[in-house]
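Visitor: I am new to this structure and would be grateful for a close look at a single part of it. Please begin with one hairpin and continue from there.

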Amino acid sequence: MLAQANAVATESTLMAQYARAQGWAVLTFACELATEGRFATTALVSDTSDAPRPLVICLHGFPDNALSFRHQMAPLQRAGYRVVCPLLPGYEPASVSRQSQSRDRYALVRIACRLLAVIETIAARWNDPQTKVHLVGHDWGALAGYALIRLAPARFHSFCALTIPYPLGITAMLRRAPQYLRYAWYLEFFQLPQLPEWVVPRQNWAFIDRLLASWSPNWAMPEEIRDSIRQTLAAPGVLDAAL
């Protein structure tokens, strides 16, 4: 595994425009993994100064992108941390797996290996590649976090998992709380061949809107965040990877 400290600013996406309005930045990091070669990862960053600060790495879920942690960034920054929220592997064309025919190309162990390379690259930008970091994961980001801390426990000061308990799998969760099925039915739907790729983006991504409304009926996602998620999922190769 090789970590490179190359990072360039990204300005063209809706996520980058939102970040700039908040005084943050979106950087693209050049990463490399021995088993998969070079790939790029884009991340929302709270502070791009050269000052070394404790790192908090936040991993988003589905359907989402790095802006899902927008409300946590400012308080953590005020507390003295540098917050970095990378897009999960496959959530941008530059990180879509080249192993397009492999059934396990987004297996948790593969995602964990890629994210460890990402974290080392991010750490090398400001500190030492072996610097310990605080890890936060939500939804699928929490599942990736569990795999990460098992893969390299010495790399983390702490881990906070949001919405996903440990060590329950989906079957065990449904056995204990069958009402969870009303929130997780889409997992089975996404296993169908080709149909989800056709249904999800139809009518301006109405499927995503219905999914969010079923999870949080009393909350309205800001339109600029919704547009940012649509743009993320519409990028070449991303919808297939996310599903």
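Guide: Strands β2 and β3 form a hairpin, with three residues between them. Before going further, please note that this is a predicted model, in which local features need pLDDT of at least 70, side-chain atom pairs count only at pLDDT 80 or more, and totals for chains, interfaces and linings use all residues. Residues are numbered from 1 along each chain as its sequence is written, and side-chain values use heavy atoms, with hydrogens and water left out.

Strands here are DSSP runs of E with at least two residues, helices are runs of H or I with at least four, and both are numbered from the N terminus. Two strands pair if DSSP finds at least two bridges between them. Ala-25, for instance, has Val-45 of β3 opposite. Seven of the nine residues of β2 are buried, so the strand is largely enclosed by the rest of the structure. Buried means under 20% relative accessible area, exposed means over 50%, and partly exposed lies in between, with a 1.4 Å probe and protein chains only.

Cys-31 is buried, at a relative accessible area of 1%. Its sulfur has the sulfur of Cys-113 as the closest cysteine sulfur, 13 Å away, which is too far for a bond. A disulfide is a pair of cysteine sulfur atoms within 2.5 Å, and the search of the whole structure finds zero of them. Cys-58 counts as buried, with 2% relative accessibility.

The bridge partner of Cys-58 in β6 is Val-136. Strand β4 (residues 55-59) pairs with β6 (residues 133-138) in the parallel sense, over four bridges. On to β7 (residues 156-162), β6 is joined by six bridges, and these two strands run parallel. There, His-134 stands opposite Ser-158 of β7.

A pair of aromatic rings is described by the distance of the centres and the angle of the planes. Rings of Phe, Tyr and Trp (its six-membered ring) pair if their centres lie within 6.5 Å; planes under 30 degrees apart count as stacked, over 60 as edge-to-face, and the rest as tilted. By this rule there are eleven aromatic pairs. One of them is the tilted pair of Phe-190 and Phe-207, with 5.9 Å from centre to centre and 40 degrees between the planes. Phe-190 lies in the loop between α6 and α7, and Phe-207 in helix α8 (residues 202-215), so the pair ties together parts that are 17 residues apart in sequence. Both Phe-190 and Phe-207 are buried. Ring pairs link these two into a cluster whose members include Phe-62, Trp-185 and Trp-215.

Leu-192 is found in the loop between α6 (181-189) and α7 (195-199). Leu-192 is partly exposed, with a relative accessible area of 41%.

Finally, Gln-17 is found in helix α1 (residues 14-22) and counts as partly exposed, at 38% relative accessibility. The C-alpha atoms of Gln-17 and Glu-224 are separated by 9.9 Å, although these residues are 207 residues apart along the chain.
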